[in-house]
Amino acid sequence: MESLSSAQARRVALAAQGFADRAHAVPTMRTLSRAVARTGVLQVDSVNVLQRAHLMPVFSRIGPYDTALLTRAAEQRPRRLVEYWAHVQALMPVELWPHMQHRMAGYREQRGKWGFTADHDLEDAVRREVAARGPSTAREIDAILGGGTRTREHWGWNWSETRKVLDHLFMSGQLAVAGRNPAFEVRYDLPERVLPAHVLEAPVPSRAEASRELVRRAARSHGVATLQCLRDYYRMPLEDTRTAVAELVEDGELQAVRVEGWARPAYLHREARLPRRIGARALLSPFDPVVWERERTERLFGFRYRIEIYVPADQRVHGYYVLPFLLGEELVARVDLKADRRAGRLLVQAAYAEPGAPAHTAAELAAELEVLAGWLGLDAGAPVVAPRGDLAAALAAGLGTTLDDRAGS
């Protein structure tokens, strides 16, 4: 059985995610498509303290780009991407829609993700309203069907009955996401008005065929991965994943390998690249595929990472919205970032170096933060750095500024 060193596994994984691709001076739709082909999916999340979750992984791989490219790919014809529960809520290539039919059937049987009993008359009424209106938000359908005025206590998962029905119809494939409005609310529509005809008319694969395709895509995006890594990428049942992996190994598409320091068997995709070096410099959002699976992140990079958004402020270790900093092929630092849109400044609320981080970490991170601030339109001055973390002083010096408590307020 072939063996990979831990450094080789890191380079394989980063190349599979697009960090070995040649940079384009001006990113185009072709550049965007290449990046999404690497990641496979882009997780969607409502947190917007810095930038929307689905927009950041593309920036991390191709640098400053016009986000209208991603909007076009997801909302305009020819539509390339569509939202579905692919990892969790995520943008995925439209051609995956037929491969999600078995998942949709399961959600139809269990009445959506969460399981609830809804009035079938309400279901029919919601479907009719969407069919008549076209792209519609839950708030708009609520107003028509008498869902009631939404007040401050209607936050998070405290959904109206209409919203629950819409989610059920979406999860079961009876409605699709046409896009989102400026408030980031989902706009639902009929699948035939959202997806290309050739996608809707494509043969529906069997569950086994769909599982093989999803594992195949997960393996391409990972490069090298354990069974658990492959299962998690598209949130698949373990047995479906195990069977698909065995079949892909038998077909020669996956190769069983040993990876230094990994206790579990790993699988290498036959198209995986092993570059001699990775020259990356990127900030990774908490929703980036490189750091989705926390155990994998620790195995690959020796980097223990936990998202602390839902941790009480006085119990957070590193901060609210902490991004790992990738330099070369290592995660060398982490920074807690916030976009102060009113003041037009990027706030660095904390900055920490990892053990063994190279001496030029602060200078490289400063340069990347300036690029990020420019992309976000936060150009009212140098990023503001709070005096929190062992890298803060050096980072402030690299940015040509001084430590400022206001960044942490």
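Helices (H or I, at least four residues) and strands (E, at least two) are DSSP runs, numbered from the N terminus. The structure is a predicted model, in which local features need pLDDT of at least 70 and side-chain atom pairs count only at pLDDT 80 or more, while totals for chains, interfaces and linings use all residues. Residues are numbered from 1 along each chain as its sequence is written, and side-chain values use heavy atoms, with hydrogens and water left out.

**Three-stranded sheet**

- Strands of a sheet pair through backbone hydrogen bonds, in either a parallel or an antiparallel manner.
- Three strands form an open sheet in the order β2-β4-β3, with antiparallel pairing; two strands count as paired if DSSP finds at least two bridges between them.
- β2 (42–43) and β3 (81–85) are the edge strands, and each has a single partner strand, so one side of each lacks a neighbour in the sheet.
- Two bridges join β2 to β4 (residues 89–93), and Gln43 has Ala90 of β4 as its bridge partner.
- Helix α8 (residues 161–171) lies across β3 and β4, at about 110 degrees to β3. Such axes are lines fitted to C-alpha atoms, for helices over the stretch in contact, and angles run from 0 to 180 degrees between N-to-C directions; contact means heavy atoms within 4.5 Å.

**Five-stranded sheet**

- An open sheet with mixed pairing has the strand order β10-β11-β12-β13-β14. Its edge strands, β10 (280–283) and β14 (384–385), each pair on one side only.
- Strands β11 (residues 322–328) and β12 (residues 330–340) run antiparallel and are joined by six bridges; Val322 stands opposite Asp336 in β12.
- Helix α15 (residues 361–375) lies across β10, β11, β12 and β13 (345–353), at about 60 degrees to β10.

**Helix α14**

- Six of the eight residues of α14 (residues 294–301) are buried, so the helix is largely enclosed by the rest of the structure. Buried means under 20% relative accessible area, exposed over 50%, and partly exposed in between (1.4 Å probe, protein chains only).
- The buried residues of α14 include Arg294 and Phe301, and the elements they pack against include α1 (6–16), β11 and β12.

**Salt bridges**

- The whole structure holds 31 salt bridges, each being a side-chain nitrogen of Lys or Arg within 4 Å of a carboxyl oxygen of Asp or Glu.
- Arg273 and Asp21 form one at 3.3 Å, N to O; these two residues are 252 residues apart.
- Glu298 forms a salt bridge with Arg306, and Glu298 is partly exposed, at 32% relative accessible area.
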